[in-house]
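Trainee: I would like a close look at one part of this model, taken from its overall build down to single residues. Please keep to one connected account.

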Amino acid sequence: MAQETSANDLAHWKKTTNLMWIHLGVWFFFGFVVHMFAPALNKIVILGFPLGFYMAAQGSLIAFVVQLFLFAKQQDNIDREFGVAEDD
Amino acid sequence: MATQTSGGDDFINNLGKIYGLYAGGFLAFVIFLAILEQVGVPNKVLGYLFVFFTIAVYAIIGVLSRTMQVSEYYVAGRRVPAFYNGMATGADWMSAASFVGMAGTLFLLGYDGLAWVLGWTGGYVLVSVLVGPYLRKFGAYTVPDFMSFRFGGNFARGLAVFVLFCCSFTYVTAQIFGTGIIASRFLGMSFEVAVFVGLVGILLCSMLGGMRAVTWTQIAQYIVLIVAYLTPIVILSTKQYGIPIPELTYGQAIADITAREAQMLKDGLATVANLKPHIQPWTTYTPLNFFGIILCMMVGTASLPHILMRYFTTPSVREARQSVAWSLFFIFLLYFSAPAYAAFSKLEVYTNIIGRNLTDIRPWMFTWGELGLIQICGKNAASIDSIVAACKAIAGHPGVVRLQDFVINTDVIVLSTPEIAGLPYVISGLVAAGGLAAALSTADGLLLAIANALSHDVYYKMIDPNAPTVRRLMVARILLLIVAVAAAATASTRPGDILAMVGWAFSLAMAGNFPALVMGIWWKRATTAGAIAGIIGGFGIAIFYLVCTRYFPGYGVAYFGMSALSSPTGAPLVDVAKAMAAPNAMDTWVTLAHPMASKVGWFGINNIAAGLIGAPVGFLLIYVVSLMGKEPSKEMQAFVDEIRKPRGRTVLQEKD
């Protein structure tokens, strides 16, 4: 077991790490950044919903759900690309 | 199937059919009760039928899933498909605090309450991206298993068990408390008895079958709780706006609330000081604490052992990831509906209670007033006469209800919605069954996490590594029973504010677990000494901050440089100079009534967000102490490589 990490594994991990940062960025945007502008966004009203309120009550939640399904797919693609995915 | 241990592939392949039938059966049962109600069966009988029927079903599933196999007991044989594991996690996650308390919090706090909604959903992104799938690949039975393997043995394991125990026990006490409230309301028992009745329900589900039984009952409980949560507001939305999608129609309610708020201020029914505009950000929490709570709840999600261990049960790493996505989807269904409950209730209260003459208050309130959950003019709103008498006692009272006269317990919002909407009692019973399902399922998951850590990590790994399987599982069951009874005993003393207690559990998990878990997976250079320093330092300072600000505020101010927290307007919450001069300033173990309790701190951080102080300390210590020592062995680094790749055998191979 005690050998150096293979080039393939390194490349796989690099891509995985990149994907991690991208998703953390999206998470940070929908978890925090949009809500910092809530007072301004509240001036926009759609169907009775002030936008700032809507983002915290529904918008960000929808983003998180979509993001997670997307992440599962993307990470699986990376695993397959480098031949480290589990057998189907 | 010989000894009832290997559930059988037949069962896994037919999950859709089985739970479909179950859901159909449940709807038929509700319709049957509705018919019983029409022919005049009293409400109390309906309430009993609801509670006992649902608990009986969970108990049957629990007994059918009994097992004597270690991997079945701890990780349900690692055969739970992503979709169903998502549902079970949803039930595990959504507690009495979510089901009953969330809408109430949104009702009281308006926009600021959404910090909890955001915090309790966004954390799943961290679970999936940073932690969960890697622990699944590792092949642990418990979170302390990972800590022990990665960070050099039983000292790290012991620390992880301690962290797990602190946060899970705080949390489970709140759940059993919730079970007691619901059972006492709908069965008319005394609260203390109800707590122990709830306990029996919890134990029936989890005692015999461990994770396997808990998983299959949690799926059944999810179905009950989501149907129960959505039914009343879907009907209400259809009645009032003609569209059965409350998440869409409550926008109109919000617009109406905002208009009504302005009107109330104009008519003198409310003052600028006591009215929190529903949509206005940062009226309760400062922006720092608003975002601090969001962050602590999110990171806490990714550190809570009872959630992480759910992803140990999937057949593969790939399915663990998909399962996190399904979990959040099922949780989302409830959380994005909670603000609708809050909006509809608030509109009802603002238009039909505030500003009304005392004599034509709507009667739905009185059942709750009798229980002390709604107060008008400082007295329980039990009847018209008592309200009128109470308000007369206030000098200069105008005879109509003003905002400041009205106090409502947050638990009432969800429980009373069916009555506000004028729905038959059967819907109220349904909601109670849902609330009970939510409380039971979360308590099950938490108790199992604690008992597993004690039996697997402490007893088997640290005390008697040669214990035979039968004895290990017996110890697990006995410990489960002891922890459950201790939690129920604590709950029956009514320790207080559920939301704050749950918040503390998250903050503690964040400070104690998150840095070591993330660094253990993402940084090969993290060493044993670093992790131990990080856990002790991070968790230590978080628990110190929490206990000091809550129970020893005077000492915090006198010796640790704490100052008053401030309100969103910038004014201090308490005049520290004056409070320190008072004779009770240096009291210890103070109650919430103490002028400084939970109102002092460092950097203006509320103690719910104590993780905000603990986690950075943890990360920093792991980083610095690790770099001071020798890098981990080649074997350990190869092991970290191994958990990063889904393919291949699990790293930890447990003998069965």
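How many helices and strands does chain B have?

Mentor: Chain B has 27 helices and 5 strands, where helices (H or I, at least four residues) and strands (E, at least two) are DSSP runs numbered from the N terminus. This is a predicted model, in which local features need pLDDT of at least 70 and side-chain atom pairs count only at pLDDT 80 or more, while totals for chains, interfaces and linings use all residues. Residues are numbered from 1 along each chain as its sequence is written, and chains are lettered from A and ligands numbered from 1 in the order in which they are written.

The radius of gyration of chain B is 25 Å, close to the 26 Å that the globule rule gives for 656 residues, so chain B is as compact as a globular protein of that length; the radius is taken over C-alpha atoms, and the rule is 2.2 Å times the number of residues to the power 0.38. Taken along the principal axes, the C-alpha atoms of chain B fill a box of roughly 80 × 65 × 40 Å. Of the 656 residues in chain B, 56% are buried, a residue being buried if 20 or more other C-beta atoms lie within 10 Å of its own, exposed if 12 or fewer, and partly exposed in between, with C-beta atoms placed from the backbone. Among contacts in chain B between residues at least 6 apart in sequence, 81% join residues at least 24 apart, where a contact requires C-beta atoms, placed from the backbone, within 7 Å.

The domain assignment of chain B gives domain 1 (9-344 + 421-522) and domain 2 (528-643), with bounds that come from an automatic or database assignment. The C-alpha centres of domain 1 and domain 2 of chain B lie 27 Å apart, and 37 residues of domain 1 of chain B are in contact with 28 residues of domain 2 of chain B. On the domain 1 side of that contact, helix 7, helix 9 (154-187), helix 13 and helix 22 (498-522) of chain B are the elements that give two or more residues, and helix 22 of chain B gives the most, with 14 residues. The residues of this side divide into 24 nonpolar, 12 polar and 1 charged; Ala, Val, Leu, Ile, Met, Phe, Trp, Tyr, Cys and Pro count as nonpolar, Asp, Glu, Lys and Arg as charged, and the others, Gly among them, as polar.

Towards the other chain, the contact takes 42 residues from chain B and 39 residues from chain A. The elements that give two or more residues to the chain B side are helix 7 (114-138), helix 12 (246-266), helix 13 (287-301), helix 15 (317-335) and helix 27 (634-643) of chain B. Its largest share, 10 residues, comes from helix 15 of chain B, and by class this side has 26 nonpolar, 7 polar and 9 charged residues.

The largest nonpolar core has 236 residues, and those with the most contacts inside it are A:Leu68, B:Val131, B:Leu225 and B:Leu447; such a core is a set of buried Ala, Val, Leu, Ile, Met, Phe, Trp, Tyr and Cys residues joined through C-beta atoms within 7 Å. Helix 20 (residues 425-463) of chain B gives the most to this core, with 20 residues, and the core draws at least three residues from each of domain 1 and domain 2 of chain B. Leaving aside neighbours within four places in sequence, A:Leu68 is in contact with B:Tyr124, B:Val125, B:Ser128, B:Val324, B:Ala325 and B:Leu328.

Not counting residues up to four places away in sequence, B:Ala487 touches B:Phe169, B:Val172, B:Thr173 and B:Ile176.

B:Trp282, in the loop between helix 12 and helix 13 of chain B, has a positive phi of about 60° although it is not a glycine, and B:Trp282 is partly exposed, with 18 other C-beta atoms within 10 Å. B:Phe603 lies in the loop between strand 5 (600-601) and helix 26 (611-628) of chain B; B:Phe603 has a positive phi of about 55°, again without being a glycine, and is exposed, with 11 other C-beta atoms within 10 Å.

Conventions:
Contact = placed C-beta atoms within 7 Å.
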